Amino acid sequence: MEVFDPAELWNREQIEIVQLSRLKSAIVHARNCAFYRERLEQAGIGPDSLQSPDDIRRIPFTTKQDLRGQYPAGLLCVPPSEIVRMHCSSGTTGAPVAVCHTQNDVNTWADLMARCLYMVGVRREDVFQNMSGYGLFTGGLGIHFGAERLGCMTIPAGAGNTRRQIKLIRDFRTTVAHILPSYALILGEHLRSNGENPRDLPLRIAVVGAEPYTEEFRRRMEELFDIKIYNSYGLSEMNGPGVGFECTEQSGLHIWEDAYLAEIVDPETGDPVPAGEVGELVMTSLCREGMPILRYRTRDLTRFLPGECPCGRVHRRVDRILGRTDDMFIIKGVNVYPMQIEEVIMTFPEVGQNYLIVLENDGVSDIMRVQVEVRDECFVEDMRILQNLQKAIARRLRAEILLTPRVELVESNSLPRAEGKAVRVRDLRDDK
Ligand code: ADP
Ligand code: ZN
């Protein structure tokens with residue numbers, strides 16, 4: 001197998017040896033900031049306390065609140081003059097978090113990203129168009145430097161400006177793109193509304209990530225553009241993209257275990273979940289100099305996939321991210337994730353690409369409305385057909401989430417589109 005980095009081919013034993021030694025160094029290094037020095041001292045943890053990577057469990061968690069509390073530079077573990085770049089999280093769920101990188105950090109990150117792209121068949125001959133926002137968002141420069149590191153001509157197209165995106169794809173014969181799921185929709189619809197066939201573009205691969213999407217959505221987009229789509233997972237706290245990535249098997253995302261130590265815990269108790277069960281992903285950066293982060297509670301929900309990947313890489317795989325613990329909403333006592341809704345509605349061929357969940361309270365009880373776009377060709381005059389569709393969707397949703405939402409069918413392109421991360425839930429209840 002051709003790989004970008006020999007570390008991809010390490011066996012479990014090699015991975016664990018490197019993880020343990022890097023974890024020990026990370027602990028020593030983390031003591032350069034007061035926050036971790038105190039945390040680790042209180043917990044009585046030094047490098048000698050660890051005998052295997054599993055001993056990481058003795059280290060206290062770091063939460064998003066901790067990072068916000070240390071903003072902007074409380075977690076710096078090198079002299080400020082060593083820092084060459086900073087990034088922030090998107091702030092999807094509150095105040096953003098800042099992460100500062102040394103030159104080695106940005107180089108390692110670019111290598112990891114290049115490794116991901118190479119794994120799915122991207123080569124230096126490809127033209128790579130990055131359609132995500134640049135600036136503080138890590139999906140810009142993070143992906144960009146990975147593609148450049150691989151030697152691709154890399155077009156920093158940025159987010160939005162759909163007509164120019166399409167022109168660039170055509171003029172420079174773009175073969176690989178990085179797109180947010182919500183933007184892939186916009187791009188496809190734009191082409192179709194102009195009577196153009198998205199399959200005629202020179203694109204062959206798209207890297208799609210930064211927010212959750214379902215398998216059904218991937219298949220639809222692959223079909224629409226006649227490309228292969230690979231799921232890319234990352235978070236600013238762990239650099240950004242390049243943390244987890246699908247290989248060509250498209251069955252789970254490999255986490256690069258030589259750079260990150262991943263755990264999955266019960267979000268309530270913090271204990272490891274039984275093998276294969278869903279829980280919160282907890283991540284430790286093993287090589288970061290500027291701001292090492294130990295046992296970070298990502299609030300992202302997933303599970304480890306059992307067994308080894310047919311691709312031959314031993315680096316553990318996680319299932320596609322189901323959503324964030326913060327995305328969960330409670331209605332009539334039931335916990336619901338937006339992806340559960342997406343999974344159900346996308347199985348209906350009549351349903352278009354976009355939907356919105358609206359939560360309201362009519363003074364008596366909570367109401368959940370699911371607004372679903374219906375494909376133009378299915379938006380027929382015959383009300384009975386639409387009513388049957390509406391009922392069928394409501395029935396299937398009830399089977400999934402055990403309560404019956406009000407399903408509203410709307411015309412395609414009528415729901416709001418996001419150019420950044422999509423907003424799937426609008427909670428208008430005042431007592432939330
Ligand atoms: P924010 O948390 O403010 O959005 P980031 O820009 O750092 O900040 O985004 C990281 C988050 O984006 C992850 O923690 C995760 O919730 C989400 N995310 C990133 N990639 C994926 C993916 N492939 N699938 C699902 N969610 C993703
Ligand atoms: Zn694989």
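Predicted model: local features only at pLDDT ≥ 70, side-chain atom pairs only at ≥ 80, totals over all residues.

Student: Okay, so how many residues of strand β17 are buried?

Tutor: Nine of the 11 residues in β17 (residues 351-361) are buried, so the rest of the structure largely encloses this strand.

Student: And which way do β17 and β18 run?

Tutor: They run antiparallel, joined by eight bridges. Together they make a hairpin with four residues between the strands, and G363 in that turn has a positive phi of about 95°. On the parallel side, three bridges join β17 to β20.

Student: What does V358 pair with in β18?

Tutor: Its bridge partner there is R369. V358 also stands opposite R426 in β20.

Student: Changing topic: what's the strand order in the open sheet with eight strands?

Tutor: The order is β4-β3-β5-β6-β7-β8-β9-β13, with mixed pairing. β4 (153-155) and β13 (317-318) stand at the edges with a single partner strand each, so one side of each has no neighbour in the sheet.

Student: How many bridges are there between β6 and β7?

Tutor: Five, and the two strands, residues 205-209 and 228-233, pair in the parallel sense. V208, for instance, stands opposite N231 in β7.

Student: Which strands does helix α4 lie across?

Tutor: Helix α4 (residues 103-119) lies across β3, β6, β8 and β9, and runs at about 10° to β8. Helix α7 (residues 181-193) lies across β5 and β6, and its angle to β5 is about 120°.

Student: What about cysteines, how many disulfides does the count come to?

Tutor: The count comes to zero disulfides.

Student: Is C77 buried or exposed?

Tutor: C77 is buried, with a relative accessible area of 4%. C309 is buried as well, at 5%.

Student: Now salt bridges. How many does a search of the whole structure find?

Tutor: It finds 32 salt bridges. One of them joins R429 and D366, with the closest N and O atoms 2.9 Å apart. R429 lies in the segment after β20 and D366 lies in strand β18, so this pair ties together parts that are 63 residues apart in sequence.

Student: Are R429 and D366 buried or exposed?

Tutor: Both R429 and D366 are buried. There is also a network in which salt bridges with shared partners join E215, R218, R219, E222, E246 and R320.

Student: What does R299 form a salt bridge with?

Tutor: With D326, at 3.0 Å from N to O. R299 sits in strand β12 and D326 in the loop between β14 and β15, 27 residues apart. R299 is partly exposed at 22% relative accessibility, and D326 is partly exposed at 32%.

Student: And D226, what's its partner?

Tutor: D226 forms a salt bridge with R199, the closest N and O atoms being 3.6 Å apart. D226 is in the loop between α8 and β7, while R199 is in the loop between α7 and β6. D226 counts as partly exposed at 44%, and R199 does at 35%.

Student: Great, thanks for walking me through this!

Terms used:
Residues numbered from 1 in each chain as written. Chains lettered and ligands numbered in written order. Heavy atoms only, no water. Pairing = 2+ DSSP bridges. Contact = heavy atoms within 4.5 Å. Axes fitted to C-alpha atoms, helices over the stretch in contact; angles between N-to-C directions. Disulfide = S-S within 2.5 Å. Buried < 20%, exposed > 50% of the residue type's maximum accessible area, 1.4 Å probe, protein only. Salt bridge = Lys/Arg side-chain N within 4 Å of Asp/Glu carboxyl O.
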